[in-house]
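User: I have a structure open and want to learn how to read it. Where do I start?

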Amino acid sequence: MENEQKICQSCGMPMSADEDFGTNADGVRNEEYCTYCFQNGGFTWPEATLDTMTEKLVGMSDQMGMSKEEAEEMAKENLPRLKRWQ
C-alpha cells in the first residue's frame, strides 16, 4: 500500500480523497492531476502557463491560509518541479 501523498502535477494541490483526482477520457481516475486541473482526459485550463498558474495560486492565498507573498514563494519554488511545467 502506498502512503506517499499525491500532489497534482499541474497546480500542486494535495490529493487524497477520490473526488480530488481528475478523470481520464474514459472516466477513470487520473493519478497525476486534480479535478480542478484535469477532467475527461484534458486540462480544464489548457492555455495556462507557469506564470498564469502562479498568479492563480497567489490569488487563492486566503483559501490556502497564507499571505500572498508566502503563496508566491511556494508557487515559484514548487510549480516548476511539476510534470506539467517540465
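Analyst: Start with one definition. A residue is exposed when its relative accessible area is over 50%, buried when it is under 20%, and partly exposed in between. Keep in mind that this is a predicted model. Now apply the cut-offs. Asp18 has a relative accessible area of 57%, so Asp18 is exposed. Phe21 comes to 5%, so Phe21 is buried.

User: What is Phe21 in contact with, leaving aside its neighbours within four places in sequence?

Analyst: Phe21 lies in strand β3, residues 21-23. Its contacts beyond those neighbours include Lys6, Met15, Arg29, Glu31 and Tyr33. Compare Glu47. Phe21 and Glu47 are 26 residues apart in sequence and 20 Å apart in space, C-alpha to C-alpha.

User: Next, helices. Which residues of α1 are buried?

Analyst: Helix α1 spans residues 50-59, and its buried residues are Met53, Thr54, Leu57 and Val58. These cover an arc of only 140° around the axis, so they sit on the same side of α1. On the other side, Asp51, Glu55 and Gly59 are exposed. The cover over the buried residues of α1 includes α2 (61-64) and α3 (68-78).

User: How many salt bridges are there?

Analyst: A salt bridge needs a side-chain nitrogen of Lys or Arg within 4 Å of a carboxyl oxygen of Asp or Glu. The count here is five. Take Lys6 and Glu31: their side chains meet at 3.8 Å, N to O. That pair links strand β1 to strand β4, 25 residues apart. Next, Asp18 and Arg29 meet at 2.6 Å, N to O. Asp18 is in the loop between β2 and β3, and Arg29 is in strand β4, eleven residues apart. Finally, Lys83 and Glu32 meet at 2.9 Å, N to O. Lys83 is in the segment after α3 and Glu32 is in strand β4, 51 residues apart. Salt bridges that share partners also join Lys6, Asp18, Arg29 and Glu31 into one network.

User: Is Lys83 buried or exposed, or in between?

Analyst: In between. Lys83 has 44% relative accessibility, so it counts as partly exposed. Glu32, at 31%, is partly exposed too.

User: And how do I find empty space?

Analyst: Rolling a probe the size of a water molecule over the atoms shows where empty space is left. Here, the largest pocket holds about 480 Å³. It is lined by 22 residues, and the closest to its centre are Cys11, Gly12, Met13, Leu57 and Met64. Helices α1, α2 and α3 each give two or more residues to the lining. The lining divides into 15 nonpolar, four polar and three charged residues.

Key. Residues numbered from 1 in each chain as written. Predicted model: local features only at pLDDT ≥ 70, side-chain atom pairs only at ≥ 80, totals over all residues. Heavy atoms only, no water. Buried < 20%, exposed > 50% of the residue type's maximum accessible area, 1.4 Å probe, protein only. Helix = DSSP H or I, 4+ residues; strand = E, 2+ residues; numbered from the N terminus. Arc of directions from axis to C-beta. Contact = heavy atoms within 4.5 Å. 1 Å grid on protein atoms, 1.4 Å probe; cavity = no way out; pocket = protein on both sides within 12 Å on 5 of 7 lines; lining within 4 Å. Points joined across faces, edges and corners; volume = space filled by probe spheres on them. Nonpolar A, V, L, I, M, F, W, Y, C, P; charged D, E, K, R; others polar.
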